[in-house]
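Here are my notes for your first look at this one. Have the model open beside you as you read.

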Amino acid sequence: MYDIIIVGAGPAGLTAALYALRANKKVLVLEAKSYGGQIINANKVENYPGIKSISGFDYATNLYNQVKELGCEIKYETVERVEENKNVVTNKGSYNAKAVILATGAENRKLNIDKERDFVGRGISYCATCDANFYKNKTVAVTGGGNTAIEDAIYLSDICDKVYLIHRRDEFRAEKKYVEELKTKSNIEFVLNANVVNLNGNSKLESIIIKYNDDNEKEIKVDGLFIAIGQEPKNEIFKNIVELDKLGYIVALDDVHTNKKGIYVAGDARVKSLRQLTTAVADGSIAATTAIKEMEN
Ligand code: NAP
């Protein structure tokens, strides 16, 4: 029997573990892939208070080492369901706790167009930091208008010969600072009011078809397409145990209670107005301290 089982080893989950371990609780973190969550894809994090600049990978590794030094138990297993009695069932076993914190984050949104899945690793990427080097001195496109897309385009512009930035509007959701920096890059071409609607190629991506909002279409030859159009939650497995909103996020306020006693949610997996590293770690700390307080009452 654990005090707290945390599902997900991203910043929210590992921060919850940090707080629970420092309170001498018996903690199990369950993670399907590897620690760090989405932040490991961030080339640079420059808006985390007190840290001027750090790579997402280094940030996640520091946090991971911090909890491991406190004796955190992490099992790399895929959670299949959470039951009423706070039993957590994975592909390898079943574990019970007094409280469960869901910190499963979100995953990259897909364009959902033909060949997108087939070309992953053969021209399609969702992570510029991971894959940019495969496209050294080549031509790539980035699609999206948020911080991720703009940062990716800036990063790629230093490695690739040419970068197209394709966005469905002519205004950007990204912070102005990034957009201004992007505009200084001579090898970036903006393709605005347009969507990627088709992928061409045999064994790998060779060109993309973009469709402008006025219905005109154009083919652009590229070696790679970086898709950076935001995230989606992956909470389907929890829908029978906690309430989800219509987009699939777990319903909770800033106090991180779900509608089920003893089950809490932290980070990008929940309904919230700002999905950032700062808000993820805030949720993790609140979830652990609230869970501890309530299990002791
Ligand atoms: P985001 O802010 O949700 O932006 C997604 C972008 O993709 C938007 O421009 C959106 O267009 C576009 N989009 C969404 N669905 C689309 C579709 N089906 N087809 C074409 N375009 C589509 O996502 P994000 O950039 O990944 O950022 C996620 C969160 O992480 C944000 O809070 C962001 O600030 C944060 N972040 C922070 C940093 C940093 O601070 N260093 C770095 C990366 C991310 P519309 O604008 O038209 O809706």
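**Notes on the side chains**

1. Let's start with the cysteines. Counting as a disulfide any pair of cysteine sulfur atoms within 2.5 Å, we get one disulfide. It joins Cys127 and Cys130, whose sulfur atoms are 2.0 Å apart. The link of Cys127 and Cys130 is right-handed, with 75° about the S-S bond.

2. A word on what you're looking at. This is a predicted model, where local features need pLDDT of at least 70 and side-chain atom pairs count only at pLDDT 80 or more, while totals for chains, interfaces and linings use all residues. Residues are numbered from 1 along each chain as its sequence is written, and side-chain values use heavy atoms, with hydrogens and water left out.

3. Buried means under 20% relative accessible area, exposed means over 50%, and partly exposed is in between (1.4 Å probe, protein chains only). Cys160 is in no disulfide; the nearest cysteine sulfur to it belongs to Cys127 and is 13 Å away. Cys160 is buried, at 5% relative accessibility, and Cys72 is buried too, at 4%.

4. Next, the rings. A pair of aromatic rings is described by the distance of the centres and the angle of the planes. Rings of Phe, Tyr and Trp (its six-membered ring) pair if their centres lie within 6.5 Å; planes under 30 degrees apart count as stacked, over 60 as edge-to-face and the rest as tilted. There are four aromatic pairs in the structure. One of them is Tyr48 with Tyr59, a tilted pair at 5.4 Å centre to centre, with 50° between the planes. Tyr48 sits in the loop between β2 (27–30) and α2 (56–69) and Tyr59 in helix α2, so the pair ties together parts that are 11 residues apart in sequence. (Helices, H or I with at least four residues, and strands, E with at least two, are DSSP runs numbered from the N terminus.) Tyr48 is buried at 19% relative accessible area, and Tyr59 is buried at 9%.

5. Which kind of pair do Tyr135 and Phe226 form? They are edge-to-face, 5.4 Å centre to centre with 75° between the planes. Tyr135 lies in the loop between α3 (128–131) and β9 (139–143) and Phe226 in strand β15 (residues 224–227), so this pair links distant parts of the chain, 91 residues apart. Both Tyr135 and Phe226 are buried.

6. Now have a look at helix α5 (residues 176–183). Tyr178, Val179 and Leu182 are its buried residues to look for. Why are they on the same side of α5? Because they cover an arc of only 100° around the axis, taking the directions from the helix axis to the C-beta atoms. The face turned away from that buried side carries the exposed Lys176, Lys177 and Lys183. The cover over the buried residues of α5 includes α4 (147–157), β10 (162–167) and β11 (188–192), where contact means heavy atoms within 4.5 Å.

7. Last, Thr290 in helix α6 (residues 277–296). Thr290 is buried, with a relative accessible area of 13%. Leaving aside neighbours within four places in sequence, Thr290 is in contact with Asp255, His257 and Tyr264.
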